[in-house]
Amino acid sequence: MQDEYRTVAHAGVHEIEINRSRFLCALAPAATEQEAQDFIASVRKEHADATHNCWAYVIGADASVQKASDDGEPGGTAGVPMLQMLLRREMRYVVAVVTRYYGGVKLGAGGLIRAYGGAVGEALDTLGTLTRRRFRLATVTVDHQRAGKLQNDLRATGREVRDVRYGEAVTIEIGLPDADVDAFRAWLADATAGTAGFEPGGEAYGDA
């Protein structure tokens, strides 16, 4: 698994105009290929009268799924440069659709490549990106007496508290960088006089 990846902060649209052609780049986070395809379908529906709706998406922290479409533009002049821009910016779990309204001036292959790639690059700059980092999920079990102080201490030291459940004991789910697990065990034993339980779990990604 990748230690971290970048994605878009939120869905949005950025427009540029080149030689009277309008290029609207719609970007959105997509956790799965299905989500990416649903987003493409919704943009196509919204801009059914557009000359082209070209798209590209990258799914997986290791970019295991990469797809692109020129939607009628000359082969390799739209979807591929869009995909290359996403990859060059190390974007993951993201979908981009560039809608073109033709303005009457042909751009040529080089012009199209620059326009479609550039629309994605500008949209990323305008809408903003965020980094998500890999965490080790872990469960801490502690008695009710110490739970409140421990939660405060966790937050004060910048630990990510993901969930708290109250039963016979208090179960606190946290996210830790892998490298911090041993140091955290020692800190926890110290903070709770050795009374807390610690159970490392699977992996997930969280905002860095």
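How much of the chain over residues 20–124 is helix and how much is strand, and how far apart are the end C-alpha atoms? Select that stretch and you have 39% helix and 29% strand, with the end C-alpha atoms 22 Å apart. Helices (H or I, at least four residues) and strands (E, at least two) are DSSP runs, numbered from the N terminus.

Before going on, a word on the model: it is predicted, so local features need pLDDT of at least 70 and side-chain atom pairs count only at pLDDT 80 or more, while totals for chains, interfaces and linings use all residues. Residues are numbered from 1 along each chain as its sequence is written, and side-chain values use heavy atoms, with hydrogens and water left out.

**Stop 1: the two domains**

Colour residues 4–128 as domain 1 and 133–207 as domain 2; these bounds come from an automatic or database domain assignment. Their C-alpha centres lie 40 Å apart.

**Stop 2: H2 against H3**

Now select helix H2 (residues 79–88) together with H3, which spans residues 108–127. Their axes are 8 Å apart and the packing angle is about 35°. Axes here are lines fitted to C-alpha atoms, for helices over the stretch in contact, and angles run from 0 to 180 degrees between N-to-C directions. Show the side chains of Pro81, Met82, Met85 and Leu86 on H2, and Ile113, Tyr116, Gly117, Val120, Gly121 and Leu124 on H3, to see the contact (heavy atoms within 4.5 Å). These residues divide into 8 nonpolar, 2 polar and no charged. Ala, Val, Leu, Ile, Met, Phe, Trp, Tyr, Cys and Pro count as nonpolar, Asp, Glu, Lys and Arg as charged, and the others, Gly among them, as polar.

Follow the chain out of H2 to Glu90, in the loop between H2 and strand E6 (94–101). Glu90 has phi near 60°, a positive value in a residue other than glycine.

**Stop 3: an aromatic pair**

The structure holds 6 aromatic pairs (ring centres of Phe, Tyr and Trp, its six-membered ring, within 6.5 Å; planes under 30 degrees apart are stacked, over 60 edge-to-face, the rest tilted). Pick Phe23 and Tyr116: their ring centres are 5.2 Å apart and the planes stand at 90°, so this pair is edge-to-face. Phe23 belongs to strand E3 (residues 21–29) and Tyr116 to helix H3, so the pair ties together parts 93 residues apart in sequence.

**Stop 4: over to residues 140–194**

Here the chain is 44% helix and 31% strand, with end C-alpha atoms 12 Å apart. Select H4 (residues 144–156) and H5 (residues 181–191), whose axes come within 12 Å and cross at roughly 145°. Leu150, Asp153 and Leu154 of H4 meet Phe184, Trp187 and Leu188 of H5, a set of 5 nonpolar, no polar and 1 charged.

Finish at Ala193, in the loop between H5 and strand E10 (197–207). Ala193 is not a glycine, yet its phi is positive, about 55°.
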